[in-house]
Amino acid sequence: MLFPTFVFGAFFSVVFVVNWLTRPHPALWKPLMLAASIVFYGWWSWRFVFLLLATIVMNWVVGHYAVMSSDRRRRWWIRAGVAANLGILGVFKYWDFFAVEMSNLLESFGISGALPVLEYTLPVGISFYTFQAMSYIIDIGRGHIREMAPLDFAVYLSFFPQLVAGPIVRAAEMAPQLAARPDPRFVPAAEAFGLILNGLFKKVVISSFLASEIVDGVFADPSAHSGLEVALAVYAYAVQIYADFSGYTDIAIGVALLLGFRFPQNFDNPYRALTLQDFWRRWHMTLSRWLRDYLYVPLGGNRRGRANTYRNLMLVMLLGGLWHGSTWNFVIWGGIHGVVLAVERLLREHRERTGMSPLLPSGIGETVRWLVTFHVVCLAWVFFRSESLSAAMEMLGALANFENYAGTATPLVIAVTFGALAFQFMPSDWFEQLRDGFGSLGWVSQGAVVGLSLVAIDVLGPTGVAPFIYFQF
Amino acid sequence: MPASNAPADHRTGFPGGEPRLDATDRRRGVAAGRVLAAGAFGLVLAIALNAQQLLREASQKPFGWERDSSVAVWEPVESASSAVGLHLPRLWADEALGRTVTDPAGTQAASDRATSGIPASADPDPEATGGIVLAETGTDNEASTSPTTSPSAATVPGSVSEPAPAAAPTPDNPLRLAVIGDSMVRFFGDTMVSLANQTGVIDAATEHQLSSGLTRPDFYDWPARIVEVMATDDPDAVVLMYGGNDAQALVVDGQIARPFSDTWAGEYSARVGHMMDLVTTDPDRILIWVGQPIMRDPDFDHKMVELNKIYAAEAATRERVRYVDTRDLFRGPDGGFSRYVIDEAGQRTDVRLTDGVHLSTIGGKWLSQLLLDELGEMVDLSSGAGS
C-alpha cells in the first residue's frame, strides 16, 4: 500500500478512528494495530507477511532466551540471533550477487560449475525491519533495554508507518510509547498534517517531476546528452532521492504522530553540509546511528589506534553501501564516502596537531567546503543511481560532451533543481511558523487547507505514483 | 522524551546521526475528534474537487469487479460534483497545465480504428506454408488483411515476411527510426536510440507510455498517437512493442470480452493488425514488431506466449512488417526464465530487473542490438560507421 494513494487514505481513516477508540484498552488495541500493519504489508504480497511474522517470532524468542540466560549463554543467543537475521538478508538480498560473481570468477579461471541462483523477489522493507530486529536483540544482550512482551514486540517491529522504509526506530524509543496512554485530547495535528502534506509534495511533485523530465532519460543514455545536461541530471538526482526518501519519512512521521507516536527525525537539510561528516549527521540519520552503534563501535571504533580507526570507518561505509543493495555500485558509493570521510579525518587531525589556521577566509572557505562536499556526494550518487559500473563510468564520461544538447535542461527543471537545493538553506523555523499558522485555524479552515493541498499536489504530479526509491532496499 | 542533539562522533570517531526525538508539546495538540473532523472534511473536499479524475482512474482499471465497484462508487460522486460545478477548478488547472482532459467514464466506446481514419481490417485466411505465412500484398492507404486466427491456433512464432527493400541510408540522408511502445520501451528505447545513432546512418527517436497497450485506448489511444507520429515525424522505420499490459479484458461492441476468449482474440488481432497498417500505410516504411521476452511468472509468461502468437500471425500477413521473437535471447541456462543469462564470454549477466518483467540496461543493449541486426537485414546500413 503506497502512502500517496486513495486506498491508503481510506485505510488510514479507519485505523485512525480505531486507534483512538481502542487505545485505552491495550489488550484490544495491540492485536488491532498488528492486524492493520499486516493488512498494510500484505497489500504488496501476502506471502511475505509470513516472513515478517517469522522474523518477529524468531527475534522475540532469541531476546527472551537471551534475557533468561547466563552471560556466556546470552552472548551465544545474541550471536545466533544476529546470524539468523543476517542469514535472512543474505538469502533474499545477497546470495545471487555472491553466486553470480563467484561463478563468473571461477569461469574466468576455466572452472565451470556455476553456483545456483535463487532469484527470490526482495521482500519490501526487509533491510529496515531486520535492522530494527537486530538492534532489539543486541540492546537486550547489552542490557540497555528490557525484554518486550511478545505482542508489544510484534506491534513495534511491524508498525506500518515505518515498516517499509524507516525511520529505523529503536525498541528503546518505541517501548515507552507503547506502554504510555497518549491523551486523545492532545494530538499534534498541525505538525502531522504539515509533515504529511510536505512529504506528499516532495514525493509526488518534486521527485516525480525530476525523475521523468531529466534524471531517467539522461541516466538511460548519457551519451545522447550534453555535459551540461548530464551535470544537471546528477544535481537533479541528488534532489530527487532526497525528496523521495525524506518525503516518505515526513509522511511516516506525520502518520505516526496522528496515531500518538513520535519517531526520530531522519533528515536535517543534508545538502547544506560543509563536510561529509556533517552530511552523515543529516542524511538517513537513523541508519548512520545504527551503523555507528552496532557496527563501528563493536569493531573497536576509534579506540584501537589510528590505523584501525580508518579501517573501521572504511569497513562501515562499505557495508553501509552494501546495505542498500548487492551490486558493486553500492559498494563504490560507500567506498567514496569512506575514503572522503577518512581524508577529512586525516586533515582534521593534522590541523589539530599542527595548530594550522584555515587557508581561506571563513566566508570563502565555507563556500569552497560546501561545493566540495556537495560534489563528492553527487559523484557518489552517480554510482548509486547507475545500473552498472560501466553505466556510471559512461555517465561520468559524458560530462565532457560538448555536443548533443537534447533539450532536457528546461528553465523549469533548472528552477526546480536549484530551488530545491536553495530551500535547504532556508531558516529552520519556517516549518514551525507554518505549523503554528495552520494550528491557529478552525477545523473547517484546516480541512479546507488539507483538501486544497491534496488536489494541488494531484494536479501538479504525474498520473500514477512510482514506488518510493528506498522501498527496493 | 529528552532531546538529544550532541554530535557523538567526537566520542566515537564515526559521524552517526543523532536524530532528535522531541517530546510532544501538549499546548499544540488538539482533540482527536477535531483532527478527524478536519481530516475528513479535507478528504471530502479533495474528493469533490477531484471526482472526475477519480472516476477516470477507476474506469481505466482492468475490467472486473474492482473496476465495477470503483466506478459505482465514483459515478454518483462525480455527478454530484459536476452538477454544482466543483469539477471546474480541476478542469481549469489541467487546461492551464496543457493537459488533455477526456471523458471521465470513457470506455473505448468509439472504435480506435475509426479515430485513426483507416478502415477496419477484413478477415481472410492467411496462406501458411511450412510455418512461414506468405504476406498479402497491401497498397497505399488501403486496408490490408487481418487473420481470424485465434491465439491458440496461431503457430508461427518467429515467422518472417520479406520486406520491400528500402533505399540505403547514408550519413547525409539517414534512416529515420522511431522506437515506440509501453514500459518495456522505457528500458531499452534510449539505449536503442543511442546504438542506432552510433551507426551514423540512423536518426532515431523513442517514446513510451507507462501502463499502456492496445486493449485500453481509453487509457492511452495508441492508434491516434501513431497516426500523429507518422504524420509529423514520418519515420522510415518503426519499432513497436506492446503486450505487457494487454492480458486484460477489452470491450467489443459494448460488451466486455474475457482475455483470450475467441471474441477477445479476434478483436485484439484486429487491433494489432490495425496498428501495423497505420505504420505501413506509407509504402516506403518498414515495421519491426517486438515480441515479449520470457517472463518470470509462469502464468504471465503463458499469456505473453499467446500474445506473441498473435503478433507473429499478424506480421506474417503483411509485407514490410517483421515480427522479432525475443524469447530465446533471454532464456536462462536451464531454458526458462532467469535474470542471469550466460553471455558470449560465458559470464552470467544480469539482463532483467528484479520485477521479472522489464530489461536491465544490459538486457536493453542485447535487445537493441538484435533489433538493429534485424533492421540491417531489411535495410542496407553498410554505409554506416560500423561498416
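## Two chains

Chain B holds 12 helices and 11 strands. Chain A is built another way, with 19 helices and zero strands. Both belong to a predicted model.

In chain A, 48% of the 473 residues are buried. In chain B, buried residues make up 45% of 387.

## Overall form of chain A

How does the radius of gyration of chain A fit that of a compact globule? Chain A has 23 Å, which agrees with the value near 23 Å for a compact globule of 473 residues. Along the principal axes, its C-alpha trace spans about 65 × 60 × 55 Å.

For chain B, the share of contacts with a separation of 6 or more that join residues 24 or more positions apart is 71%.

## Domains of chain B

Chain B is divided into two domains. Domain 1 covers 19–96, and domain 2 covers 112–378. Where they touch, domain 1 of chain B supplies five residues and domain 2 of chain B supplies six residues. The domain 1 side of this contact has two nonpolar and three polar residues, with no charged ones.

## Where the chains meet

How many residues does each chain bring to the contact between A and B? Chain A brings 67 residues, and chain B brings 55 residues. On the chain A side, seven helices each supply at least two residues: α1 (6–22), α4 (71–108), α9 (189–220), α11 (276–282), α12 (285–296), α13 (306–324) and α19 (443–460).

Which helix gives the largest share of the chain A side? α19(A) does, with 11 residues. By class, the side of chain A that touches chain B has 34 nonpolar, 20 polar and 13 charged residues.

## Nonpolar cores

In soluble globular proteins, nonpolar side chains tend to be buried together. The largest nonpolar core here has 144 residues. Within this core, Ala233(A), Ala236(A) and Ala238(A) touch the most other members. Helix α10 (residues 227–258) of chain A gives the most to this core, with 21 residues.

Take Ala238(A) as an example. Leaving out residues up to four places away in sequence, Ala238(A) touches Tyr271(A), Val377(A), Cys378(A) and Trp381(A). A second, separate core has 70 residues, including Ile180(B), Val238(B), Leu240(B) and Val290(B).

## Helix α13 of chain A

α13(A) has 19 residues. From first C-alpha to last, α13(A) reaches 28 Å, close to the 27 Å expected at 1.5 Å a residue. Its buried residues are Thr309(A), Asn312(A), Leu313(A), Val316(A), Met317(A), Gly320(A), Gly321(A), Trp323(A) and His324(A). What do they pack against? Their partners are α5, α12 and α14 (328–354) of chain A.

Gly321(A) is found in this helix. Why does Gly321(A) count as buried? Gly321(A) is buried because 24 other C-beta atoms lie within 10 Å, and the cut-off is 20 or more. Not counting residues up to four places away in sequence, Gly321(A) touches Phe330(A), Val331(A), Trp333(A), Gly334(A) and Gly335(A). Gly321(A) and Gly338(A) are 17 residues apart in sequence, and their C-alpha atoms are 9.7 Å apart in space.

## Two positive phi angles

Glu119(A) is not a glycine, yet has a positive phi of about 55°. Glu119(A) sits in the loop between α4 and α5 (126–142) of chain A. Glu119(A) has 16 C-beta neighbours inside 10 Å, so it counts as partly exposed.

His284(A) also has a positive phi, near 40°, in a residue other than glycine. His284(A) lies in the loop between α11 and α12 of chain A. Is His284(A) buried or exposed? His284(A) counts as buried, because 24 C-beta neighbours lie inside 10 Å.

Technical notes. Residues numbered from 1 in each chain as written. Chains lettered and ligands numbered in written order. Predicted model: local features only at pLDDT ≥ 70, side-chain atom pairs only at ≥ 80, totals over all residues. Domains from an automatic or database assignment. Contact = placed C-beta atoms within 7 Å. Nonpolar A, V, L, I, M, F, W, Y, C, P; charged D, E, K, R; others polar. Helix = DSSP H or I, 4+ residues; strand = E, 2+ residues; numbered from the N terminus. Rg over C-alpha atoms; globule rule 2.2 N^0.38 Å. Buried ≥ 20, exposed ≤ 12 C-beta atoms within 10 Å, placed from the backbone. Core = buried A, V, L, I, M, F, W, Y, C linked by C-beta atoms within 7 Å. Expected span 1.5 Å × (residues − 1).
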